[in-house]
Amino acid sequence: MSDHPAPAAPEPRTAAVIPAAGRGVRLGAGAPKALRALGGTPMLVHAVRAMARARAVSLVVVVAPPDGATGVRNLLDEHNLPDVLVVPGGPTRQESVRRGLAALPDDIATVLVHDAARPLVPVDTVDAVAAAVRDGAPAVVPALPVPDTVKQVGPAERPGDPEPVVGTPDRSLLRAVQTPQGFSRATLAEAHARFARTDGAAGDGATDDAGMVERLGVPVVLVPGHEEAFKVTRPLDLVLAEAVLARRRATDGF
Ligand code: CTP
Ligand code: MG
């Protein structure tokens, strides 16, 4: 027993892991998707800035294309982002996230996982996710209502035949989820340790971190997503992203 109070434990910190190792097959020929330009700046740089601007985030880890870590390092240095850690990714998004988590220092207690392919997420959305985790939710996902009615299909009888519809889920109960998804680090690390890397999405691993946490039986909660947090997947999404940037420049000189 000492009369002196114990030194205050350091504040647990929040990190953002940005999987950016995908090729962007659906976007068409060109550089890896995260390195494609948006308003003259690589998508990845937009995504890193979106995370670094959030009050909660004190460390950003970028998971680079497996053969592109040096190039990404140089790119981030050129854009004045020298404090960002860069690690090489893997063949699936799940494996890339796992490698990003493995690079986190011990004092990180909250992790946001954010797709490089969602470069325009507003900072308020990032902060809302981080705040909900810090307030005690082990897993938090930004989500929006689904505008289209969604059909569930079964397998076609023969290749090339039309797909049969087997059901129409009630749209009012569906949500489209975005990133950043926020987690207590221990929860996400356990999910990644538990589930085989080839489970889910037809052997390509999980495309959604929260889905892995759900399988642990841990509750996942939603916060409002934002339409500007959409994922750049197909060529038309680049047109939309350029338009969003142009609107921002016009309205706030961004
Ligand atoms: N991702 C990753 N490692 C992989 C695959 C994907 O880090 N092996 C990342 C992508 O870089 C992207 C995010 O996961 O930021 C979401 O994936 P997606 O939108 O599917 O991007 P890509 O896999 O690059 O695109 P596509 O599926 O069209 O090839
Ligand atoms: Mg993909």
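L112 stands opposite G182 in strand 11, where strands are DSSP runs (E, at least two residues) numbered from the N terminus. This is a predicted model, in which local features need pLDDT of at least 70 and side-chain atom pairs count only at pLDDT 80 or more, while totals for chains, interfaces and linings use all residues. Residues are numbered from 1 along each chain as its sequence is written, ligands are numbered from 1 in the order in which they are written, and side-chain values use heavy atoms, with hydrogens and water left out.

Strand 11 (residues 181-184) runs antiparallel to strand 6 (residues 108-113), and four bridges join them; strands pair if DSSP finds at least two bridges between them. Strand 11 also pairs with strand 7 (residues 139-145), again in the antiparallel sense, over two bridges, and here F183 is the bridge partner of A139.

Turning to the ligand, ligand 1 is surrounded by 18 residues, of which P19, V25, R26, S96 and K231 are the closest, a residue being near if one of its heavy atoms lies within 4 Å. This shell divides into seven nonpolar, five polar and six charged residues, with Gly counted among the polar ones and Asp, Glu, Lys and Arg as charged.

Polar contacts are pairs of N or O atoms within 3.5 Å. A nitrogen atom of ligand 1 is 2.7 Å from a side-chain N or O atom of S96, a nitrogen atom of the ligand is 2.9 Å from a polar backbone atom of G90, and an oxygen atom of the ligand is 2.9 Å from a side-chain N or O atom of K33. Of the 560 Å² of accessible area that ligand 1 has on its own, the protein covers 86%, by the Shrake-Rupley method with a 1.4 Å probe.

Methods:
Polar contact = N/O pair within 3.5 Å; in protein donor to acceptor, adjacent residues only side chain to side chain.
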